[in-house]
Structure formats: structure tokens, C-alpha cells
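Open the model in your viewer and keep the selection tool at hand. The stops below are given in the order to visit them.

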Amino acid sequence: MSDAWDKRSSGGGSGGGGGDRIPRKGGSDDRFAHGGSYHHGNHGSSRYDDDRRAGSTSGGYGGYDDREGGGREGGGWGGNGGSTGRSSSWSNARNDGYGGSYGGPSRPHSSSSSSWGGDRRKDSRAYHRQDHYDYRQQERWSSRNDGPSGTGREFKRPKTEATSTAVVSSTNGGRRVVSSTSTSYAASSSARVSDSRTGAIADGDAAQPAQERIKPLEELVTKDTWNECSWDERIASQHPDFGDYLRPGQKIETILTTCPFGSLRDGSKGDVWFAKKVRAADAAFEKALSDAEPDEIDNLPVSREDVKKFFDALPYNVTFLIGFDVLGVNAKDERHCLCPCSSKCAKWRRQFGIERILEDFGNKEACVNTFKSSGPYALMQHLNQKAGQRIGLHYFVLCYVRELYGPPYCGRVGHKGLYPPSSAEYKKAEAYERKKDIQARNKLEKELEEERKAKRVLEEEAEKLQERFRNLEMVSKDQAERLKAEEENARRLGIDTEELKKLKIDLDQEKISFHHENYRAFFDSLRWAIESGSKGTGGTVDFPDVPQNFKVEELFENYFEKKHFLFKPTDHKNENVGGKILRDWNIKFDTSGVSKLKKVKKEIQAIDKGGPSREFMHLVWQRFTELKITAEGNDGEEKVLKLLYRESTGYAFFQKDEAIVDFLEKLPACNREKVKKKICAYYQAIGRMYLHAFAIDMKIPTTAFPPFFRNVLLRNLSPGDEAYPNPEVFRDVKLMGFDMNVNDIIGRSCNVFFCDGDEELITEETFYTVFLEKLFIKSRRKYALKNVRLGLTLDNKIGVHGVFRAMPTKALEQIAFATEGLELDHVLQFLLPKYCKAVRVWKENKKGELKPVDEPVEPWLLEQQKSFFEVTLPNVLKKQYYDERGDEEAYSKKIRRWEDFLSRFVQYCTGSPFLCHPDIKTRDDMIKIEFSASEMSGDCLPEAHTCHKTLKFPHFVYDNNADALLSKLRKAFDHGGFGQA
């Protein structure tokens, strides 16, 4: 026993009563416990300083033995003496006086005592406070009337690791307080306990809170807390060979090594099997009472409610059917079946409050020491024998076991434990189990092989990562040098780096919603004003026969030759060009040569709500830099001019005037003016496409319209303007790839850089107003910027600059533009489920006519759909997202081409890989995940309806198999084409 005594004690004098000592934990011997409270004395004290270095002691010691039918009580010895304490034990020389009474040997129903007193002195007495008191030593002491003499006995350490006992405190009045405690001597733990339920300690007349302790399993595992407890805690709370405590992290397999917990079948510890046990108990209850005669039920010694309570408790007994649930690899594994009415299941009966029910049935149902752990068939024989011809607890258990393990547990027969080993049913069940075991073994081997393959893949990925880290070490040096150069440039231009950081912060929801409402109101009123009273207003504008994989230069060439409204002047007499640019476009893709579903073909040809238009505009932005003009040169060879080109940063740049002039000079003089007008018309068409996207609230990729040129074209600003502060200018040109050292620019003349004869020296101020103006604006002003601005303003007839200038640049970016690469959380916010709650079937009515009837789907199928939307689909998207992000270099290349998995998923669902800002999304912006039973078969590909931003799945959702879902999505992306599965 671990006896860490209280620091205060009231002692007795010579010949007086025992003092007061309170042990922190009781002993481990269930026959004897010592310690407690003895209030006989009226003087004496015990004082220990906190450092346990010195003090004086006097006190008492007493014991109590409570065996069946009798008991022994002892007084104690009290003394007075000084000592020098060392560690936590009483040691060294001490004078102790003994007094009081000491009980003699105890027999059932008898007790004896004798008293002795006087002043005794002893030397070198040692009390080892963390050792257990030996009961056999106490027997030798209690057999003598004059009490212990000589030197103190050293307490012996118990053999068991964790034990339980009762510590009894008694006073003159005969009050006894019993408290249940547990001691782990391997850890030398101690705690003062008086009441295990309240956790309070009696210290004299005061109560103090107990130290934190482990709850007994009897308190920890109950029916109310069952779902919160682990399987180890459940089995430990009921197993007859286990104690009262389970330390945190301790596994039942490591303690009860003879039990076959490792051989239990898969799922026998799970919630599905437990639910089946509950259903079996309910069915067995109804069957047991329905098969019985009414007089048999009336003669039961318990009520119907008590019988139901007994049945309800059977599924919670996790010990009595272990032999049924093991794999049976070893024959001994099956010999672990218990009878719920036996003494070995007493813990379970107390746990669920059904001990009284067994007592009410009497000795006929009790099977104390008549049934020990045995195999399943032996248990069935025992239950049949005890049940006999009467209704009782054994009969109830028999009904439950038959219901749980009966047919079709093993195909057409029940568990083999229900039949005699020589019967045909036993052999059929054994063959069935053997077949299942082989399947389970094969499945396990397959899983192990997959794990080995996964391990090899991980090892290969680890090698690749190590190689990448080695490369990153070299790249990081270059990045550090670039960052240092950028900081130096900012410092040279007087820009605070904190201001640059603030420019990256998004606006809050209230501000962005306000600017978005103004933005939409402007373009809605603009559309109404332009179309009011004009010819050809209203409806949509057809774009017929657009090839699925069109080339943007061929498309522009075709529409230019046909004098499409994109290339007509806005003051055309017979056509409302401005209205057509601002209205919705009905894109009709030519799907010839592309495998499509008939349903989807019809939908694509119909007037859409943005699906094909989004796809068309996305393809235009994606192929923007392919736009070029070809013409025959002076030498007879074809000359090519790219109207836009893409820099290494990914941004599209308008061609410089110098390159256009060089191209025109290579053409015959007679053809130059015609080609010049064509170049200007193409740039105007680009501006009109920008305007169309703004008017219908369609996102433009930020790389298709760099931030610097947004300020120049949309807000009509230039570097140096008050509304375009220098930090924003510096950020925008840096995004476009400007990496020149400012120190190499300032102090030199413009002629050095532009060869324009301007010898004025560049300063920190003219760096913005002169150098950047010439570098980015003046070099493109004559052709590209001038004509794109004409397209944006409909030949200067509308003033879009005001609405864009009223918006902060961050608001414009969040509302009208989309950055490359989608974040996982961003996509998941836009998913909205539409569950299939009914299935249409054809049934005959009373007249014999077949009529469609909507029948509700099975609840499990609806739960499967919910699990698919909430778990399976997000997990597939998440896995693909993080797998791609594992290689940042490859990922950055994918997002520039919109080929990453999330972009492809969103594009397949909506026609465009862009999503609006989450703070301004509406229900129309959501991607509807729809489950269909009538339109889709169980194994077909996911079907997209981009007009309504809907992705349809069969209502069986591929049995929630993530691999099957990923395979279907990839096939749909690769072979589905636009707007279909």
C-alpha cells in the first residue's frame, strides 16, 4: 500500500488512544486495510516542514479487517518523540510511545481484544510509507496480546500491478467510512481518498479536494457514456479477469494476453455490427413473448418492462459472445463464451442495472460456478439445458443468440456454433466461413500490396522532393537577390514597403458589395439607354457556327470579311452595333466531329444563359496572344504581325507601335493602308470584347488585361496622376516583369534608353511621369491603346472612365477580373447540392393504364448522396489539389494554361474556369451538384449543363467510390468536349 501520510495528526499519550493518520491510498489486500482516523487522543501533534527535513511526530496507527461475517478492529499506538525526517519516510532514531488497545485474532462472527499500555522506547524504527503492509505479518502480530515489539517491520511490496481495496476510518462512536481506491506501485503513485464518488478527503474536521485520479471503470462506462468510451474501456469494464481501472493509453490486449482480441472479425467492434445486435435484441424480444403462452408470461416473476430492459442490455454485453466473433484460426480462440446469467457477467449486470432481475428469477436461472468459459456450441447446450420447457432468462438469451447468428449469417445457414460439430449445417457454415476467411485474406494481401506500392511511390516522391529542395536552394538565392533589388528600387523611389503590403489586402464584404452594385447599375442603365428606341433591340445576338476548337486569328478573319458587328462603326444606319455589344451573345458551337450527347447538342444550340458564351470568351482570352495578321511582303513572302504577345510573367502585352510600323514597311505601298485599317479594326474588336464582358458581368483573366493598362484604358490615368499613386504604379509595373535597377536609370537621360534625342536627366519624379510613360504608354499609343480605347467607349460615345475611376483598384480587381489558379476553399464555397428525393416509376392505375408515379427513394440512398456531396467529392477535389501543389513549378505552368484540376472542374461545370468573389456571389453563381435517377444510368459519366451551372451525377453516385469518381471526372474532362459529359 502506498501510505503518504497527512502532515497533521492528533496523537494520544502513554496508554491513550491512537492518533489520527490519514493514508492517501488504501492497501491492495482485500482482507486487511490499515490506516484511517482515530480520534481517541487529546494531545500530541505531528509537524513536517515542506522540505521534509526535520520535525516532531506523535500519532496513532490502527487497522481494520472486514471479512465475511465478522471483523477485527484495532486501536493504535500513540507516542511522542522527535525525529529528523529524510525523504518521505520516517527513519533514524526516534522515541515512540505506544498505548491504546489492539485487537486479537478474528474469526467469523467473533472478535477479541486486549489492551496494553506504558511507555516503550525503540531505536532505528523504519516505516516505509510507499510499501504494502503484509497481511501475514499482521496475523502474527494479532496472535499476541501484548502487540508488536522490537524493531518495526518493513512492509512488503505487493505482487499485483494494480489492485483495489477498502480503506476504513473509524472513531469512538463506531462510524466507519469505506472508500474504494486503486494503487499502482509500479508508478509509486499516491492520492488521499476518502470517498471515491465525491473525491473529498477528511482531514480532521475539514474537507479538502482530492488530487486528480483515474475513474473506476464502473463509473466511467455506463449505458449513457457507452458511445463516448473506447472498445478497450468497454471490454475492460465487463471482463471478469480485469480489475477496476484502465490507465490512459493502456490496451486490453497487452493485459489479457490469453484472450483472442486480435483474432476478432473485421467490423465486430464497429457501429454497424452493434446496430445489428440491437435489432436482433428487439426481434428476439418480440419472438420470445409471442411464442410463449399467456399464462407463462403472467407467471413471470418480473414485469414486461424488466424483460425488455434485459433484452436491451444484451447488445451491450461485449464479453459473452467473443467465441462467436473470432476468426477461429486457433481452436482455443473460440473457447471464450460466457453465460450472461453466470457470475462472470456480474459486472455487466451491475453496469446496466439488471442484477435484481436475476435475483427475482431465483436459483433456477442462476448458474454460479456451473458454466465457465467455453466454445459457442457448449454455450448453446448450456442455454438449452437451463431453458428447458420454461420461459426464463436463459431462454431469452437463447432467442437473442439464435436471432443474431441464425440464417442467413453464413449464407443459407447460421453460425456454425449453433449446430453440433458432426451435423451437415455445421459443415456448411464452416465451409462458408472458410470461404469468407480466404476472401478476407486475399483482400488483406491486396491491401498490403497496395501499401507496398504506395510506399514505393512515396519513396520516389521523397527522392524527387529532395532533388527539388536542392534546386530550390539555388533558386532561393536568385529570389533573394531579386527581392533585395526590388526593395532597393522601392527605397530609391521613396516607397514604403508597408504601403505595398496594404495593396494586397482584399476589401471587406460591405465595401466590395457596394462597388459591385454601382458597377452593375451603371452597365444596366447604359444598356437600356443605348437600346431605347433603336432598331434590332432586345433578345440575344447569334454567333453561328463557331468551331469547337477555333483559332482566334481565323475567327477574327472570318468575321472581319463578313463585316460582323464587332468590326462595324457604331453609327451604322441599319444596325444597333452598341446594343449588340452590350447584350447577351448566343454562341452556337459547331459540334461536328465531336462526340456529344443528343440532349447536350440540343442544349448547346438553344439560347443559353451564359454557358456557351462563357466558354467562348474563355477560349478567346486563352488564345488572345495567338491573334495575328498576315500579309504578303515586298519580297513575295508572307509577313506575320502578332497583335499581342505574352511575357514570361504570363501577362499579355499589346504590340508596340515600332513593331507595327516595321511590319507595314515590309508590305507593298498599295496594300499598307488596307492592312493598317485592319490592324485598327482588330484592336477595336478587342476593346469591344472587353466591354461586352464588363456589361454582362463576366470575369476577365487578369493576365489578359494587365493592371497597369487597366488604369490607362479603363480609368484614363497615367503615372504621376493623383488618382494613380506611385506605390500602385510601382506594384503594377513590377507585376508585368519590370526588373531594371532604378539606380541605373535615375541620373541618365531618356535618349540612353529610347534613342529619341531627349537629353533630359531622369529623376525620382520623372521616373514615373517620363520614363514609364515612354516605356509602356507612348510606345503603344498610336495603334494599340488608341483603338482599344475606342472599342471600350464605343467610339467615344460612352464614358466608362467615370465608373471605373470611382472604384478603388482593388475593388475593380475583385469584381471584374480573375486571377489564375483557384483555391480549394473558394471552389467548395460554390457547391450547392440538389438531392434526388424521388424516383419516377410507371405503375398501372385502377383502369389498367400505365402512369408515371414519383416514389421516394430509400433513406439509405439519400444518405449516400449526402455522404457523396459532403465527403467523397470534396476529398477527391482536395487530393487532386494538394497532389498538384506538391510540384509548384509544374503547377504554375498548369494554372497559366488553366489545366489544373480545379480549373478544369469549374470550367466543365460552368463553361469558364473563373468564379466570382465569394462576397458578391448569388445563387445563380453557385455550382449545382444534382443527383438524377430518371436521366442518368448508374455508371454513366457526370453530365454538365453549363447554362445553369449544373453538374449531374447518377443517384447511386458510383457507390461513393472516390477512385471511380475521379476516373469518371477525368474521362468527362478529356473526352466530353464543351458542355457535356
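Which helix gives the largest share of the negative patch? Select helix α13 (residues 424-492): 3 residues of the patch come from there, the largest share. Helices (H or I, at least four residues) and strands (E, at least two) are DSSP runs, numbered from the N terminus.

Before moving on, note that this is a predicted model, in which local features need pLDDT of at least 70, side-chain atom pairs count only at pLDDT 80 or more, and totals for chains, interfaces and linings use all residues. Residues are numbered from 1 along each chain as its sequence is written, and side-chain values use heavy atoms, with hydrogens and water left out.

**The negative patch.** Now select Asp266, Glu447, Glu450, Glu451 and Asp963, which form a patch of negative charge on the surface. Such a patch joins like charges within 9 Å, from residues with over 30% relative accessible area and no salt bridge. Asp266 sits in the loop between α4 (252-255) and α5 (271-291). Its relative accessibility is 78%, so Asp266 counts as exposed (buried is under 20% relative accessible area, exposed over 50%, partly exposed in between, with a 1.4 Å probe and protein chains only).

**Strand β26.** Next, select residues 927-932. In strand β26, 6 of the 6 residues are buried, so the strand is largely enclosed by the rest of the structure. One side carries Ile927, Ile929 and Phe931, the other Lys928, Glu930 and Ser932, and all are buried. Strand β23 (residues 831-834) runs parallel to β26, joined by 4 bridges, and Leu832 is opposite Lys928. Strand β28 (residues 950-954) also pairs with β26 in the parallel sense, over 5 bridges; there Thr950 is the bridge partner of Lys928.

**Salt bridges.** The whole structure has 29 salt bridges (a side-chain nitrogen of Lys or Arg within 4 Å of a carboxyl oxygen of Asp or Glu). Select Arg731 and Asp732: their closest N and O atoms are 3.0 Å apart, and both residues are buried.

Then go to Asp756 and Lys774, which form a salt bridge at 2.7 Å, N to O. Asp756 lies in the loop between α24 (751-754) and α25 (766-777) and Lys774 in helix α25, so the pair ties together parts 18 residues apart in sequence. Asp756 is partly exposed at 38% relative accessibility, whereas Lys774 is buried at 13%.

Finish at Arg904 and Asp974, whose salt bridge is 2.5 Å, N to O. This pair links helix α32 (residues 901-910) with helix α33 (residues 962-975), 70 residues apart.

Conventions
Patch = residues over 30% accessible without salt bridge, like charges linked within 9 Å, V, L, I, M, F, W, Y side chains within 5 Å. Areas by Shrake-Rupley, 256 points an atom, 1.4 Å probe, with all protein chains shown as cover. Lys, Arg positive; Asp, Glu negative; His and termini not counted. Charge placed at Lys NZ, Arg CZ, Asp CG, Glu CD. Pairing = 2+ DSSP bridges.
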